[in-house]
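Subject: Structure for you to look at

Hello,

Here is the structure I said I would pass on. Please open it and keep it in view while you read the notes below.

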Amino acid sequence: MTTAASRRSDRRISPVFVGIVAVTAVTGWAAWTGFAAQPGIAVFLFVTAAWIVSLCLHEYAHARTALHSGDISIGAKGYLTLNPLKYTHALLSIVLPVIFVIMGGIGLPGGAVFIERQRIQGRWKHSLISAAGPLTNVLFAAVCTAPFWLHALDGVPRDFQYALAFLALLQVTAAILNFLPMPGLDGYGVIEPWLSYNIRRQVEPFAPFGLLAVFAILWIPSVNGVFFDAIDSILNGLGIDDIHRYCGQELYRFWQGSTEFCSVSP
């Protein structure tokens with residue numbers, strides 16, 4: 001009886017996550033209706049809350065896939081409750097990605113759920129567990145961009161369009177960065193099961209520094225230009241133009257007070 005109750009509680013959605021979703025809904029409504037005196041504040045809160053929701057869903061996808069692949073310890077760790085406070089590295093998984101969004105407007109991937117890989121048999125299962133997280137970002141991006149590529153923007157308030165465009169930018173960058181085959185990122189986790197034992201042993205010490213290496217490489221101007229050109233091409237292909245991306249980021253950074261252009265843009 002106690003075991004059954006414990007298992008139910010292990011999978012019950014956390015009030016913390018429900019609260020984040022509620023903030024997303026309320027601030028999304030404020031951005032849609034223009035309720036806020038400063039639209040940038042509503043956009044900032046909406047995008048930040050929605051970004052945290054996507055981070056929680058990203059980690060949940062890893063955990064849920066691991067559970068069905070054989071790691072029955074996932075539930076006891078609280079990963080199925082969608083509570084970000086249960087993550088192994090809450091700072092890296094939630095706080096740091098939000099700071100990067102505020103500072104640079106880029107979707108930072110973060111690793112949080114500890115999976116007992118020895119419980120899982122089969123290389124395909126290991127690859128799928130790693131791929132599940134960034135695929136969630138791809139799905140989130142598809143939802144955010146749907147009004148644009150479906151040409152269904154009639155009746156959608158301008159500020160809300162900008163918010164969706166910036167949120168889509170975050171999801172696309174997060175998916176691409178996560179899928180890079182760099183040790184410590186999900187992309188490497190997808191291919192790792194297929195590598196020889198010797199290669200995996202040689203690469204393993206570099207895993208904690210994989211994300212730092214990615215950002216060091218992106219700091220190179222030529223690489224940075226190619227990366228964001230690729231992001232622009234993807235978003236253009238999904239119907240999000242430069243104005244929407246620019247204004248989304250400018251509204252999000254409302255404290256800079258540079259939204260005059262966006263307030264008169266069509």
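Helix H6 passes helix H10 in a right-handed crossing. Keep in mind that this is a predicted model. H6 covers residues 158–179 and H10 covers residues 221–237; the two pack at an angle of about 125°, and their axes are 11 Å apart. That angle makes H6 oblique to H10. On the H6 side, the contact is made by Ala168, Leu169, Val172, Thr173, Ile176 and Leu177, and on the H10 side by Phe227, Ile231, Ile234 and Leu235. Of these residues, nine are nonpolar, one is polar and none is charged.

Next, helix H11, residues 242–252. Eight of its 11 residues are buried, so H11 is largely enclosed by the rest of the structure. Among the buried residues are His244, Arg245, Glu250 and Tyr252. The N-terminal end of H11 is capped by Asp241, which has a side-chain oxygen 3.2 Å from the backbone nitrogen of Ile243.

The last item is Arg119. You will find Arg119 in the loop between helix H4 (90–104) and helix H5 (123–149). Is Arg119 buried, partly exposed or exposed? Its relative accessibility is 38%, so Arg119 counts as partly exposed. The side chains of Arg119 and Glu116 are joined by a polar contact of 2.6 Å. Leaving aside residues up to four places away in sequence, Arg119 touches Gly70, Asp71, Ile72 and Ser73. Arg119 and Ser69 are 50 residues apart in sequence, while their C-alpha atoms are 8.5 Å apart in space.

Regards

Terms used:
Residues are numbered from 1 along each chain as its sequence is written. This is a predicted model: local features need pLDDT of at least 70, side-chain atom pairs count only at pLDDT 80 or more; totals for chains, interfaces and linings use all residues. Side-chain values use heavy atoms; hydrogens and water are left out. Axes are lines fitted to C-alpha atoms, for helices over the stretch in contact, and angles run from 0 to 180 degrees between N-to-C directions. Helices (H or I, at least four residues) and strands (E, at least two) are DSSP runs, numbered from the N terminus. Angles under 35 degrees count as roughly parallel, over 145 as roughly antiparallel, 65 to 115 as roughly perpendicular and the rest as oblique. A crossing is left-handed if the near helix is turned anticlockwise from the far one by less than a right angle, and right-handed if clockwise. Contact means heavy atoms within 4.5 Å. Ala, Val, Leu, Ile, Met, Phe, Trp, Tyr, Cys and Pro count as nonpolar, Asp, Glu, Lys and Arg as charged, and the others, Gly among them, as polar. Buried means under 20% relative accessible area, exposed over 50%, partly exposed in between (1.4 Å probe, protein chains only). A polar contact is a pair of N or O atoms within 3.5 Å; within protein, one must be able to donate a hydrogen and the other to accept it, and residues adjacent in sequence count only if both atoms are side-chain atoms.
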